Amino acid sequence: MKSSCERCGVSLGLTDQAFICSFECTYCRQCAEHLQRNCPNCQGQLVLRPTRTRSPTEGQPQRFKAKLEKLLR
């Protein structure tokens, strides 16, 4: 998920409301409204982006480390 609006550059967190097209071009609410919810890059419809509570790259390193140590014993 992109972390900023492609039009105005405002920062977009994982839980912030944003709009995306099918190519995942990302816009803040204000820019999406200004663009009439049409992507200027692909002419696709801008729809509400799903939110996440955390990044998929944020894991539980303790669990991974414990499993790795168990395998290496």
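Which residue forms a salt bridge with R29? In this predicted model, the partner of R29 is E33, with the closest N and O atoms 3.4 Å apart. A salt bridge is here a side-chain nitrogen of Lys or Arg within 4 Å of a carboxyl oxygen of Asp or Glu, and by this rule the count comes to 3 salt bridges. Residues are numbered from 1 along each chain as its sequence is written, and side-chain values rest on heavy atoms, with hydrogens and water left out. Because the model is predicted, local features need pLDDT of at least 70 and side-chain atom pairs count only at pLDDT 80 or more, whereas totals for chains, interfaces and linings use all residues.

R29 and E33 both belong to helix α1 (residues 29-34), where they are 4 residues apart and therefore separated by about one helical turn. Helices (H or I, at least four residues) and strands (E, at least two) are DSSP runs, numbered from the N terminus. E33 also forms a salt bridge with R37, the closest N and O atoms lying 2.7 Å apart.

Relative accessible area was divided into buried (under 20%), exposed (over 50%) and partly exposed (in between), with a 1.4 Å probe and protein chains only. R29 is partly exposed at 32% relative accessibility. E33, with a relative accessible area of 39%, is partly exposed, and R37 is partly exposed at 33%.

A further salt bridge joins the side chains of K2 and E6, with an N to O distance of 2.9 Å. K2 has a relative accessibility of 38% and so counts as partly exposed; E6, at 36%, also counts as partly exposed.

T26 is located in strand β2 (residues 26-28). With 2% relative accessibility, T26 counts as buried. The side chain of T26 reaches the backbone oxygen of E24 at 3.1 Å. A polar contact is a pair of N or O atoms within 3.5 Å; within protein, one atom must be able to donate a hydrogen and the other to accept it, and residues adjacent in sequence count only if both atoms are side-chain atoms. Leaving aside residues up to four places away in sequence, T26 touches K2, S4, C5, E6, L12, A18, F19, I20 and R49, contact being defined as heavy atoms within 4.5 Å. The residues touched by T26 include K2 and E6, whose side chains meet in the salt bridge described above.
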